[in-house]
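I opened the model to go through its layout and kept these notes as I went. The entries follow the order in which I looked things up.

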Amino acid sequence: MTIRIGVIGTGAIGADHARRITQTLSGGQVVAVNDVNRAQAEAVVARLGLDAKVYDNGHELIQAADVDAVLVTSWGPTHEEFVLSAIKAGKYVFCEKPLATTARGCLNIVEAEVAAGQRLVQVGFMRPYDKGYQLLKQAIDNNQIGEPLMVHCAHRNPTVPDSYVTSMAIVDTAIHELDVLRWLLDDDYKTVQVVYPKRTRHRFEHLADPQIVLIETQKGVRIDLEIFVNCQYGYDIQCSVVGETGVANLPEPQSLLLRTEAKLATNILTDWKQRFIEAYDIELQDFIKGIEQQQLSGPTAWDGYAAAVAADACVLAQESGQIEPVVMAERPTFYNK
Ligand SMILES: NC(=O)C1=CN([C@@H]2O[C@H](COP(=O)(O)OP(=O)(O)OC[C@H]3O[C@@H](n4cnc5c(N)ncnc54)[C@H](O)[C@@H]3O)[C@@H](O)[C@H]2O)C=CC1
Ligand SMILES: O=C1[C@@H](O)[C@H](O)[C@@H](O)[C@H](O)[C@H]1O
C-alpha cells in the first residue's frame, strides 16, 4: 500500500521532505503540491521528477480524493487552518513546527482531534528521533547519571535573514528545545525567564541576539538555554544534562578528526538540514508507518500545545523581563501514554 501525500508549502523544508519521501523513504508518494508561490511548487515537481498535481489552494489539496495524508510545511501562521482542515477531512497530517503560533491555536487543534476521536496529527519535532538525544534519554532513564538537576543547552545558527525578529528566537528556534527537553526529562515547565547578554555586532539592529532562556521545571530541574542565531561559525546544538552522580552530553555529529599542520581539527556543520538529516528521515518514515498501521506514535498535538504554552510564556518574559509562569490546560486522557 502506498500512502499518497500532498505537500502544502514547498520552500526549504517542504521541498526537502518531498525529496526524502521520493528518494529515501518507503511507502509514500508525493501526488499533490501547493504553494502560494505556484512557480516554486512547479519547480519542485520538475526538480524531483514528481508525478504530482499542482494545486492553487492548500484546502483544495486537502479535499482531493486521491490525497491520503498531508504535510503542512508552509509558514507558521498558516499551520493552524490547514491542520484543522485536514482533521475535518479525516486525513492524517504531519505539521512542521510550530503546530500553531499560539497556545490557543494549538488547543483548537487538540480539541478538534479529540472530537474526531482518532490521532491524526504528528508534529514535526524531529529531535526525539535523533540518535544522540536518544542516547541522552537512555542515560537518564537507566539512572546512569542519577536524578537530573540541571541542563545546559545552546542552539546556535550561523546567521538568520533580516525577516527574523526577536520573538522568533523563541517561537522558531527555542521551540525545538522546549519540545525535546520535556521529552528528555519526562517533565513539564513551571516558570521561564529571558535575559539578554551583550548583543553581537553581527546582527540586524531590530534583533536581540543572543538571548538566554532560564527555565524551571515542575520537578525543580533548572535549564539554561542559549539562543544565538548569528554566531557566524556554524550550526551548533549543545545539550548537557547534569545529574546527581554524573553528566551526560549530547554527542557531536560524526565527523573526521584530522591531525595536520600542527592542528587537531574537525568540521562543524553549518546547515540544520544536515545536522538532523537522519532524524528527519526517521520521523517521516514513522509518520508513513503510523498511517499504514492506523496508529501514529510520533510527537502529538498535545506536545505541540505544551511547547507553544512555554513559548508564549517566554515571549511574555522577553517583554516583561520577569519570571513568567507556564500554565497548561489539563491534558485530555486521549493523549495518555
Ligand atoms: N523541523 C525543523 O527543523 C524545521 C522546521 N521548519 C518549519 O517549517 C516551516 C517552513 O519553513 P521553511 O521551509 O524554512 O520556510 P520557507 O519560507 O523556505 O518555505 C515556506 C513556504 O511556504 C509557502 N507558503 C506560505 N504560506 C502559504 C500558504 N498559505 N499556502 C501555501 N504555501 C504557503 C511559501 O511560499 C514558502 O514557499 C516553518 O514553520 C518552519 O518553522 C523549518 C526549518 C527546519
Ligand atoms: O527549525 C529550524 C528553523 O526554522 C529555525 O529558524 C532554526 O533556528 C532552527 O535551528 C531550525 O531547526
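Which element gives the most to the shell around ligand 2? I found that α7 does, with 3 residues. I note that this is a predicted model.

Ligand 2, continued. I listed the surrounding residues as Asn-157, Asp-172, Thr-173, His-176, Val-229 and Trp-272. Sorted by class, I have 2 nonpolar, 3 polar and 1 charged in this shell.

Sheet. I traced an open sheet of 7 strands with mixed pairing, ordered β12-β11-β7-β10-β9-β8-β15. At its edges I have β12 (247-249) and β15 (324-325), each of which pairs on one side only. I then looked up where α7 (residues 168-185) sits: this helix packs on the sheet and touches β7 (148-156), β9 and β10 (222-228). I noted about 150° between the direction of α7 and that of β7.

One strand pair. I checked β8 (residues 189-195) against β9 (residues 211-217) and found antiparallel pairing over 6 bridges. Opposite Val-192 I found Ile-215 in β9.

Domains. From the domain assignment I took domain 1 as 3-126 + 278-299 and domain 2 as 128-270 + 308-325. Taken over C-alpha atoms, their centres are 27 Å apart. I have 15 residues of domain 1 and 12 residues of domain 2 in the contact.

Domain 1 side of the contact. I find two or more residues each from α5 (103-116) and α9 (277-292). The largest share, 4 residues, is that of α9. By class I wrote down 10 nonpolar, 2 polar and 3 charged residues for the side of domain 1 that touches domain 2.

Terms used. Residues numbered from 1 in each chain as written. Chains lettered and ligands numbered in written order. Predicted model: local features only at pLDDT ≥ 70, side-chain atom pairs only at ≥ 80, totals over all residues. Pairing = 2+ DSSP bridges. Contact = placed C-beta atoms within 7 Å. Axes fitted to C-alpha atoms, helices over the stretch in contact; angles between N-to-C directions. Near = placed C-beta within 6 Å. Nonpolar A, V, L, I, M, F, W, Y, C, P; charged D, E, K, R; others polar. Domains from an automatic or database assignment.
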